[in-house]
Amino acid sequence: MVHFSFALFAATAAILPFALVHSLPSGPVPSVPSYVKLEEAELQRLYKDALKEGGLVTVFAGGDLPNGAADLAKAFETKFPGTKLNITVDLSKYHDELIDKQLAMGGDALEPDVTHLQTVQDFPRWKSEGALMQYKPIGFKYTYNPYKDPEGYYWATNIYYFTNLVSTSLPEAQRPIEAVDYLKPEFKDGKIIYAYPHDDDAVLYQFMRLIKQNGQDWFKAYLAQKPLAVRGTTTPVYYINNGTSTVSFTTAGSLKPIPGEKATTIVPKTTFFQSWAQTGAIFKKAKHPATAKLYVSWLTSYDVQKNLMTDTWSQRVDVPPPAGMKHIWQVKNTDPLGFRDYMMDRAQVEKDKAFMEKFIGPVVGASPLDLEYS
Ligand SMILES: *[C@@H]1O[C@H](CO)[C@@H](O)[C@H](O)[C@H]1NC(C)=O
Ligand SMILES: *[C@@H]1O[C@H](CO)[C@@H](O)[C@H](O)[C@H]1NC(C)=O
């Protein structure tokens, strides 16, 4: 459930000396760094260019929630009247195949101007194939170094994570925090819901790390609980909301509690949890380069990272972490670069998928993008 929650942008500029920007302050950061005004001025300059071009940008976004970018498109088009964010959400593993096909066709076959995906292994390859534009968006220089190509061909657009998502119908003492808690008898027979690891590499990586940390016996005992497997990392949210299941650890919630939600997010204290930087780029063959630049600069701007993406961490070192937490690269029980490295080794990924299929059975069900949620 990647909500893009909204808060009004408080424009009271405070002074943060430039030298402090990269020193990762641990206490509260002054509300808004002074250079945010410069980011806004640059966005307005890019906006003028975008309008001259027609204001349209086409984006292929990785995700598994139908219409999952509607809020994002609305925010962009409201801030920049006359623009159109034509964004298609699909599983990254389907988007990247289509992009490869369109790139191979040549000519003007390539549809997207911009993509942001979880298939992070594609970006160095596309760069070496000469498919990407060299462009450093507004957020680039404040982005945590390992999350970006130093030459600016690709960069993090946002942070995704999977933690415990727990029904608020469970008394606090029963809410699972660590992997071992999922083995309790009260979670037998479908109370646990999870996304098939062999359908989504981000879930696969999480399971491999959980097995490494907690042992194969934990994994076998987990499966003996008869958890419910579904397609889509957002799907568990719906089953928890309607009371079918009560707990999941393969889905994102919101680090900022959302009033009225029937599920709450709990970050484990010692159990490994999955987090990664969704990675984005503009294609060299982009048909709408000016609006593409406006879009990625807006997406990585301080304002959007701090005030729109309030349910997660930011890749920007100057955006304060969620309340009570550290920056994601300072959190001990996640590995913000581990997934990127894992994704490079396709032979290992295929081996691990086969392992999961052996224990769990084949992936069944429609693509999560084709499900109707109520
Ligand atoms: C919007 O994106 C889709 C690709 O998902 C593309 O087929 C369509 O032509 C785009 N719309 C416009 C107006 O360019
Ligand atoms: C709960 O939601 C899921 C996903 O939308 C749906 O498939 C299931 O039938 C629902 N169950 C109940 C009891 O409403």
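The entries below concern a predicted model.

Entry one. I searched the whole structure for salt bridges and found 17 of them. I then picked out lysine 93 and aspartate 199, whose closest N and O atoms are 2.9 Å apart. Lysine 93 belongs to helix 3 (residues 92–105) and aspartate 199 to the loop between strand 5 and helix 5 (201–214), so this pair ties together parts that are 106 residues apart in sequence. I noted that lysine 93 is partly exposed at 31% relative accessible area, whereas aspartate 199 is buried at 11%.

Entry two. I turned to helix 4 (residues 122–128), where aspartate 122 and arginine 125 lie three residues apart, about one turn of the helix, and where their side chains meet in a salt bridge at 3.0 Å, N to O. Aspartate 122 is buried, with 3% relative accessibility, while arginine 125 is partly exposed at 29%. Arginine 125 also forms a salt bridge with glutamate 129, with 3.3 Å between the closest N and O atoms, and I recorded glutamate 129 as partly exposed at 48%.

Which phi values are positive in residues other than glycine? I noted aspartate 189, with phi near 60°, in the loop between strand 4 (155–167) and strand 5 (193–195), and found this residue exposed at 56% relative accessible area. I also noted lysine 226, with phi of about 55°, in the loop between helix 6 (216–224) and strand 6 (228–230); lysine 226 is exposed, at 55% relative accessibility.

How values were computed
Residues numbered from 1 in each chain as written. Chains lettered and ligands numbered in written order. Predicted model: local features only at pLDDT ≥ 70, side-chain atom pairs only at ≥ 80, totals over all residues. Heavy atoms only, no water. Helix = DSSP H or I, 4+ residues; strand = E, 2+ residues; numbered from the N terminus. Buried < 20%, exposed > 50% of the residue type's maximum accessible area, 1.4 Å probe, protein only. Salt bridge = Lys/Arg side-chain N within 4 Å of Asp/Glu carboxyl O.
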